[in-house]
Amino acid sequence: MLMSVFWVYRYNFHLFPRDELRLGMPSYSFSCQSSYLSSMALSGFDFNMCIYDGISYLSRVQESLARQKIFIPHIRQFSPSPSTSVADSIFMNRIKSRIEHWRKGYAEPSTTVDGSLVSSLRQLLLGCESYGSRPSIRIDVCSDRQVQLVLEAVNHISDDLVSLVVPDKAGTARAVRVIFTNSTEDKNLLLTDIQKLEDEHNLKFRGFREVIDLLSSSQKPIISYNCLIDFTMIHSKFVAPLPPNLKEFMCSLRMVFSNVIDISHMWREIGPLRKAKNIQAALSYLQRQYFVPMDVEIHQQDANNSVTKSGENVLRITKLFAKLSNLLKISPNSQSQSDEKCYTVEEYCNIFYPSCKVKESDDANFSNESDTNRAMSTDNVVFLWGFRETSVKELRSHLAGLHHVFLKDFELKLLDRSCSALIFHSSDMATELLREISLESPSLSDFFSEGLKAGGFDVYMKVCRLGLWDSDLAEALEGVSSEPATSMPSGHGTSEIYWNSSLMLDLREYLEC
Amino acid sequence: MQSRRRLLLSLRAPPKAVLCRLLSCSPPSRGGGDGGVGGARGVAVKQVTRGNLADALEELRARVRDAAFVGIDLEMSGVTSAPWRDTFELDRADVRYLKLRDSAERFAALQLGVCPFRWDPAKCAFVSHPHNFFIFPHKELPNDGSSHEFLCQTTSIDFLANYQFDFNTCFREGIHYLSRAQEEQALQKLYTLHGDEISAYPNTSEEEGDVPLKSAADILFTERMKIKFNEWRDAIISDQRVDGHSPGNVKFKDRFQMVFFKMHPAIMLNGFTSHQLKLIRQVLRKHFRDLVYICTFCEDNTLEKRVVYTDTNDDKILLMKDVREDLLKSKEAIVKSAVGIRHVIDLLASERKLIVGHSCFLDILQVYSKFIGPLPSSMEEFSLDINKIFPYIADTRHLMSVNQVVQNLVRQKSKSLSSVFSLLCPALHASDEKSSTLAPVRIEVEADETALSCFTSGAKHEAGYDAFMTGCVFVQLCAYLGVKFDNLLPHENLATNIKLEKHINLLPSCWNSGTVVDLSTGTERPDAGYKHRYPATVYDNVVLIWGFQSKVKPKDIKDCICKVFGPASLTSVFSIDSTAALVQFSKQESVNDFLDLKAALESTDTAISVLHPLSTILEGGQTRAAKYAAYRDICRSSLSKFFFADQAEAVHSTSNNELKSENHDVANASGTYESALDGTVPASVKQEAEGTKSGFKNQGDNDITYQDILGALQDGKTLFGKRVRST
């Protein structure tokens, strides 16, 4: 059997949100988790390279904002005006004669040699400037109409003139710059120069986002692993601020990347691999159990580059994808093949796993991932805080003595050291508890005197929406629940959450509805 | 001392220069600008990271003890968390403090520069030792709940990068710290835990529930362990009878290593899984009263598990106590070592030397928040606290403004540290043409040649070098103030100098405030040398407006308010950012009038509210207004949004503070406004407004003439005029 090979080209981009345009974009400030920085430092991340030379970027939304604020001289296409009034033609003639007079000085060099004083005087009188090494003249305008007229006039005079529209800070045209070129080659040279300037300017705006745009427009499948968090990052940094809910996010992401494949979804298709916990595990299992006539080779271009951890990971993902796609009989270009057994990549697209807590470890163990997801209503959940017990057991026994609802069966989970979630098996218990708390019923006097507080899922949601991340969850819940719940926006009722969140999100589901 | 050689400022300098003592203090003037590749070449600055902190600290201790004063500087990861958090000249003192506090709490200190200056009478020169400490706030204690997150301001990080700040060293080698409050908390926790354990003893071992023996393997393992321990114990007991403590000949090799633990025979338990260890403990608990399971931490933070034989029950209790004490001690040691760079701060505090900084109020706030504890809520409290810790602080920025000669010298020039440095401390060898400047006091830099590797030549905006420059500037400023160093004793603290005394503990609160903070009282007073750009603000006359549309410029606000309240009604409009502004009225009553009018206009959704001059501001329906107190509350909030309007809304919706009630007042006030109208003008705005409203409903807008509306507006205006005049 022939060994097929994927050629791999690896790139490692260093990014830094530098404020190139002095507009407070892409971000005015950013927050760092010092433990994360430490672990990056341990794995040899080069912060100096990242900060000194990192590529900046603007998201699509930020770019359009920036374009409303920063303008550069540009070439405007001349569109012949339909009608010309008398005033217009007078203006045009005046401009025309002025430009012609100026042009004559360069097109037909005078035989007499002027003194430097004379020539500089003439330059001053004519309003000459130089554009690089080329002579140019600046014609002030005060409206878009005048810009058109000047362009038209220039168009009539000669082909060796190039005109640039110069905007002011607010973006309205202030002047037209007419540049004289010696020859057609010179003109082309100038035009490419201008184009280059514009490209540089665009690069300043988009920076690294060019890469994202390139990937997006190529419509190629994007392979990743546990990528929901990565794509929320990509969306917020390079596309637009994150939408208020998951559904809109998915739609919006779909517009940018139509083909995203989570590699872990692919390996779930292969029975024995279902329980693989990470890439390394899946890869080593595949290598042990299957012979896959498919390999990955790295292109020489970057063989001498130092390999970073993320580079390593990307390579593993590619390797795994190559092998999996072979096993699952996905062909890289399914359209061209007539094999009816061939699955398309699209089958695996856009399915994400929301659990982002998967530990990235290199040990190749399989673990027992519980397959039981229980859906439960948010009505069943009560958040409890204000306790001093540190273990679930202690807390549970303490609660049992406080109120009769706590005698019933419920699950208890410590969320942090100050707050826990109670999951009741029926929503009645939870609502009863919350109602009694809001009524401050006497049966709960022990509960209150212990300093215990509780709130429903709505309180938690509000905390999350307000972004109160900086303190303990208990502090945040306390702050939110103490104010009257008047300003709660409508539009969210009961919804289902999954207690064990190892389920998947299918983008298509969202798009069909 | 002899072992040290004075290093010249420049390592590249010719040998001759090495001999000629280290010169005064600076390179030839580099001009006032910021453009140069900064730094006096070759000032040896000692770089201190995690690796050499202990040594550097020992050395620094002696240096600080001998010092006349100590220059300090901090490099931070940012200054303002949002554009509107910038300090403005017209901020009230408490608001300014809140803004600075926010900055100090949010951003991290990345470098601390400390430079002790010692007076050497023999040489008639100051000898300095610049130190540059890298700081990185990573988590050092395992169970420390506090979140270690810090903010970076993009422009600040970029700025540091431009001056070649070494982020790799900072993040990899940076020294951690615990503030005094954190340390206290950690120790407290340790002691309570320890106390609990002591009191709970000896029941601790029985506390754990039984491990059910689930499988045959478990049962077999348990039995085997029982037999083995039995053998071992019998061997020890029998051995003891024969030849005392010599367990060496006991054959018990296969998995156990025989050791002594605190004079007791013991075996190491290596290579067991946690489940097996649980089973072992259970066996010991159930069948062996004289064997104890002991788990200790060893040097490299790994657990060592042993089974120890004890002769008697008393012996066992004593042993357990001993072990716990050890555990406590080792944990204490961990906490102590986590103190890290705070030792430097403690050192400076305990020596009570004069601390010198340049525009250092924010630095001092940072030092307090990182190394002492959470910042107090008011400037007064903060000042009193800091005064206890650092009794003498001098700010060169302030000293510059108290001497007329220096004032003239720096007039029209940048007041940044590096430009002042090059101005005041030109090379000693410069010709005497500049008769206006005093002859600079000589300053030498001393470096220890045995550890050259950790010295680098200082560069601008490196904390260590900045601390050195600050000290140099300070020395020259002292000379201008008439401080004589000649009769300064070698270890004397400059803080007690009579000529300096009155300038100490006065710090400019920020570059544009025009005030200095008196740290001994906690109050601000105006800085004589500062040129104010705005007239003094009367905060009772100020209204805060936010949420207007971004196209509305401060000038538009001014125009439309002048249209309503008269041209003289406004003192100033100050733009906070593109979404908010502070409007100062000339009369206090106008504040309430404005808020009332706004509420009234918002409550009536008619042509009047559309055509009213104020509609420019109110357009969009998101515009809010409140008194100055609301501004303070918004600044106090721990949230930080990019736009002020977003921040204000967030503060508004999260907390039940005065801001809210303020707005309720405003809403209620609309009623009073309307009744006031009724009282004075019979057929006035209100009825007109009602009329138009019904008009809209019934016949459409054709029936109201433009004249009607204008008339109504006119009435409103005259009414306001009357009110303003009458009050």
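Analyst: A definition to start with: a helix axis is a line fitted to C-alpha atoms over the stretch in contact, and angles between axes run from 0 to 180 degrees between N-to-C directions. Also, this is a predicted model.

User: OK. At what angle do α9 and α10 of chain A pack?
Analyst: Helix α9 (residues 228-239) and helix α10 (residues 246-256) of chain A pack at about 75°, and their axes are 11 Å apart. That makes α9(A) roughly perpendicular to α10(A).

User: Which residues meet there?
Analyst: From α9(A), A:L228, A:F231, A:T232, A:H235 and A:V239; from α10(A), A:F249, A:M250, A:S252, A:L253 and A:V256. Seven of the residues in this contact are nonpolar, three are polar and none is charged.

User: Switching to chain B. What is the strand order in the open sheet?
Analyst: The order is β15-β16-β17, with antiparallel pairing. The edge strands are β15 (506-508) and β17 (523-526). The twist averages 35° from one strand to the next.

User: How many bridges join β15(B) to β16?
Analyst: Three bridges join β15(B) to β16 (residues 515-518). B:P508 has B:V516 in β16(B) as its bridge partner.

User: And between the chains, how much area do they bury?
Analyst: Chain B and chain A bury about 2,800 Å² between them, with 53% of it on carbon and sulfur atoms. The contact takes 34 residues from chain B and 32 residues from chain A.

User: How many salt bridges cross that interface?
Analyst: The rule finds one. B:D158 forms a salt bridge with A:R18, and their closest N and O atoms are 2.9 Å apart.

Methods: Residues numbered from 1 in each chain as written. Chains lettered and ligands numbered in written order. Predicted model: local features only at pLDDT ≥ 70, side-chain atom pairs only at ≥ 80, totals over all residues. Heavy atoms only, no water. Helix = DSSP H or I, 4+ residues; strand = E, 2+ residues; numbered from the N terminus. Parallel < 35°, antiparallel > 145°, perpendicular 65-115°, else oblique. Contact = heavy atoms within 4.5 Å. Nonpolar A, V, L, I, M, F, W, Y, C, P; charged D, E, K, R; others polar. Pairing = 2+ DSSP bridges. Buried area = accessible area lost by both parts, 1.4 Å probe. Salt bridge = Lys/Arg side-chain N within 4 Å of Asp/Glu carboxyl O.
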